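Have a look at the structure, then read through the points in order.

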Amino acid sequence: MTEEQMIARLKTELNEHRFNHTLGVAAEARRWAPLYGADPDKAYVAGLLHDCAKNFSLDRVREYCERYSVKLDPYCMKEKALIHAFIGPAVAKADYGVDDEEILSAIYYHTTAKADMTPLEKVIYIADMTEPGRKMEQSAELRRMLEQGDADGALIHGIGSSICFVIKKGSLIHPDSVYALNFLIENRRKSN
Ligand SMILES: [Fe+2]
Ligand SMILES: [Fe+2]
């Protein structure tokens, strides 16, 4: 499937807000891919598809899980906001013809992050927070850090503020987010 075909399908699958966010993330991921050492073309496709399952009903999630033998992460049962990321790779594969494991993994980890992320996983995580439609206070700070070339600093700040947001909401923190943050902080200490 070409990028244009993906965009045309996404337009039918996502609400207007999510569709615009998606285009923003794809462009933002392509822009910052070199800073993270990721492939800009793959970053664009991963950005396009990162939220491809965001507007799925629970019935449709169940249907995909059965059809493609997806075993959802146990945290999905407790935090529904995570489902779209964990089902995303199956949808990207089945409906958009993507079988690049690097892209599928960047979709999978775009909400939680994880320890020792690949360059593509990193850039999709950060682009999701910095695309121009994101008006949160921390997005401006993250953009400033990216412009200064502080790739991992922006991730530490981004994952940290997501964890704070989750705590404030009274939701559960996925352990991978904690592992991601600790991994980056330890790495930064080693390099100082
Ligand atoms: Fe998402
Ligand atoms: Fe997103």
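1. Ground rules. This is a predicted model, where local features need pLDDT of at least 70, side-chain atom pairs count only at pLDDT 80 or more, and totals for chains, interfaces and linings use all residues. Residues are numbered from 1 along each chain as its sequence is written, chains are lettered from A and ligands numbered from 1 in the order in which they are written, and side-chain values use heavy atoms, with hydrogens and water left out.

2. The metal site. Start with the iron ion (ligand 1): its protein donors are Asp51 (OD), His84 (NE2) and His110 (NE2), lying 2.1 Å from it. Donors here are N, O and S atoms within 2.8 Å of the metal (3.2 Å for Na, K and Ca), and water is not among the atoms, so sites may look incomplete. Along the chain, the donors follow the spacing D-x32-H-x25-H. His84 sits in helix α6 (residues 83–96), while His110 is in the loop between α7 (101–108) and α8 (119–130), 26 residues apart. Helices (H or I, at least four residues) and strands (E, at least two) are DSSP runs, numbered from the N terminus. Asp51 also coordinates the iron ion (ligand 2), and the two ions are 3.5 Å apart.

3. The cut-offs are under 20% relative accessible area for buried, over 50% for exposed and partly exposed in between (1.4 Å probe, protein chains only).

4. The second largest pocket. Back to the opening question: its lining has eight nonpolar, no polar and two charged residues. For these classes, Ala, Val, Leu, Ile, Met, Phe, Trp, Tyr, Cys and Pro count as nonpolar, Asp, Glu, Lys and Arg as charged, and the others, Gly among them, as polar. Among the lining residues are Arg62, Cys65, Cys76 and Lys80. The largest share of that lining, four residues, comes from α4.

5. Helix α8. Its 12 residues reach 16 Å from first C-alpha to last, close to the 16 Å expected at 1.5 Å a residue; the expected span is 1.5 Å times one less than the number of residues. The helix is mostly covered, with 11 of its 12 residues buried. Those buried residues include Tyr125, Asp128 and Met129.

6. Ser69 has a positive phi of about 50° although it is not a glycine. You'll find Ser69 in the loop between α4 and α5, and it is exposed, at 64% relative accessibility. Asp116 is another residue other than glycine with a positive phi, near 55°, and its place is in the loop between α7 and α8.

Methods: On a 1 Å grid over the protein atoms alone, a cavity is a set of points where a 1.4 Å probe fits but cannot get out, and a pocket is an open set with protein on both sides within 12 Å along at least five of seven lines; lining residues have an atom within 4 Å of a point.
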